[in-house]
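Please look through the model below before reading my comments. They are arranged by topic.

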Amino acid sequence: MKDLSTLWKAVLDKLELTVSNVSFIMWFRPIKVIDFVDNKTLILSANTTSAKNQLSRNYFDKLSSAVNDIFDADVMIEILDPSEEMEYVKEHGEQTSEKEVNINKNPFNPKYTFDNFVVGDSNKFVYTAARAVAEHSGVKFNPLFIYGGSGLGKTHLLHAIGNYYREYFPTLNVRYVTCEQFANEYIDSLGSPTKNKAILEFRTKYRNLDVLMVDDIQFISKKIQTQEEFFNTFNELYMASKQIIITSDRPPKEIETLTDRLRSRFTSGLIQDIQHPELETRIAILRKKCQIEKYSVDDDVIDYIAEHINSNVRELEGMLAKVHFLASLSNKSSATMDEALEAFDGQIEEDKNEGLSPDEIIEAVCKYFDITKQDIIGKKKSKEIVEPRMIAIYLISEILEIPLVSIGKIFGGRDHTTIMHSRDKIADEIKTSHKIQGYISEIKKMLQSE
Ligand code: ADP
Ligand code: MG
């Protein structure tokens, strides 16, 4: 909540930067703020009729863009002249400039909609679940817990749900926060000079929601008090059948900082993962992106990018933007393979893996986990060593495809069945554990950049 005069002052500060000094003094500074009706229409009054005309004819764009920045994109502006002002005041009474204004900026990225989300095998279930939650026909999946690796569309889906609510259920009280924001707000209220009041306000705000979305819950703090607060918030909303949507880069059972009771709460609803998109979906995402951003890019370029980046949609989009940028530098109407090759500039995986040796892989793994080579090929059985050892074995076998017996020799003469066991264990864990997926992809990246 802010008061009207503070907000108007912020609008003036903005305008001062965008119009000439003379216009600012002549037209803008004398404006009086009369009222803000239903958090929707801003009523202003100019000091003369000709000022009103000037503002309406020549400065309306600048005025409304400054107002939109400070208030909200949907605010309407009405400018009165002095006689209209008098009438307005007669009818509605004098408003105080300290009137409290509930500015309600759209917290959702307008580009992150369901329409802009490409659905494929990797994400069709999560899409359906998100869509069902957005349509809000009774709380079916509560909480909806979405997890998946970085850049696979989790935040996009939360915003899509939020945008949908804004359009079809504008009266719902929806709140989107990252886990960090929630913790910070709570901690701020604890540290406030009027602590009890601040905590009460914090609770009222959260517990009166119709929908709570928490992004990236894996960062939930270990602090008992914050988890406790979140737990209580969660329970109150849940008991009142309010929708809760949570995202994370891993499933609840792998979030180490999570207390057991929160973990079991999360598990009580629908847990849905987002997988890496298949080739067709990657191509469709790139095409969609071109359409949204109005990029012109040759089809073979799209295929090339989709074939060479298979992990992360954010990287996919980043590469597309780079290719488009390179084409625009040379004034081409459409991006071609020339730009694609330049953009990748030898980043391609296959080329890089050539000539890798088992030793280089072992070195990378040791460096990544900060352990020594003696340890990794030696006999130590502590978890800190065993897991990296199995990962190294897996990577050597997967990338270099050398016989298990040879790998056994490298690892201090281990038997090939031991090697096979290690390899299979990681190959298995990769399917379900985001932690292991993360290790593997990071180490691969290290190997590629060498
Ligand atoms: P996450 O939150 O999972 O890390 P984001 O939601 O931020 O990922 O997505 C990263 C980028 O990829 C965003 O620009 C998003 O619009 C885009 N993106 C991800 N998945 C899709 C999809 N299926 N269709 C279209 N764009 C997608
Ligand atoms: Mg995200």
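1. Basis. This is a predicted model, in which local features need pLDDT of at least 70 and side-chain atom pairs count only at pLDDT 80 or more, while totals for chains, interfaces and linings use all residues. Residues are numbered from 1 along each chain as its sequence is written, chains are lettered from A and ligands numbered from 1 in the order in which they are written, and side-chain values use heavy atoms, with hydrogens and water left out.

2. Domains. The chain is divided into domain 1 (2-101), domain 2 (124-273), domain 3 (279-349) and domain 4 (358-449). These bounds come from an automatic or database domain assignment. Between domain 1 and domain 2, the C-alpha centres are 38 Å apart.

3. The three-stranded sheet. Here 3 strands form an open sheet, ordered β2-β3-β4, with mixed pairing. Strands (E, at least two residues) and helices (H or I, at least four) are DSSP runs, numbered from the N terminus. Two strands pair if DSSP finds at least two bridges between them. At the edges are β2 (32-37) and β4 (76-80), each pairing on one side only. From one strand to the next, the twist averages 20 degrees. Strand β3 (residues 41-45) runs parallel to β4, and 5 bridges join them. Thr 41 has Met 76 in β4 as its bridge partner.

4. Contact means heavy atoms within 4.5 Å.

5. The five-stranded sheet. Which order do the 5 strands take in this open sheet? The order is β7-β8-β9-β6-β10, and the pairing is parallel. Strands β7 (174-178) and β10 (270-273) stand at the edges with a single partner strand each, so one side of each lacks a neighbour in the sheet. The twist averages 15 degrees from one strand to the next. Strand β8 (residues 211-215) is joined by 4 bridges to β9 (residues 243-248), and the two run parallel. Val 214 stands opposite Ile 246 in β9.

6. Helix α7. This helix (residues 154-168) has 15 residues and reaches 21 Å from its first C-alpha to its last, close to the 21 Å expected at 1.5 Å a residue. The expected span is 1.5 Å times one less than the number of residues. Of its 15 residues, 11 are buried, so α7 is largely enclosed by the rest of the structure. Buried means under 20% relative accessible area, exposed over 50%, and partly exposed in between (1.4 Å probe, protein chains only). Among the buried residues are His 156, Leu 157, Leu 158, Ile 161 and Tyr 164. Their cover includes α6 (124-135), β6 (144-147), β7, β8 and β9.

7. Salt bridges. The structure holds 28 salt bridges. The criterion is a side-chain nitrogen of Lys or Arg within 4 Å of a carboxyl oxygen of Asp or Glu. Asp 121 meets Lys 124 at 3.0 Å, N to O. Asp 121 is exposed, at 53% relative accessible area, and Lys 124 is partly exposed, at 34%. Asp 375 and Lys 380 form another salt bridge, with the closest N and O atoms 3.0 Å apart. Here Asp 375 counts as buried at 17% relative accessibility, whereas Lys 380 is partly exposed at 44%.

8. Glu 201 is partly exposed at 48%, and Lys 197 is exposed at 53%. Elsewhere, a network of salt bridges links Lys 111, Lys 289, Glu 293 and Glu 317.

Note on methods:
Axes are lines fitted to C-alpha atoms, for helices over the stretch in contact, and angles run from 0 to 180 degrees between N-to-C directions.
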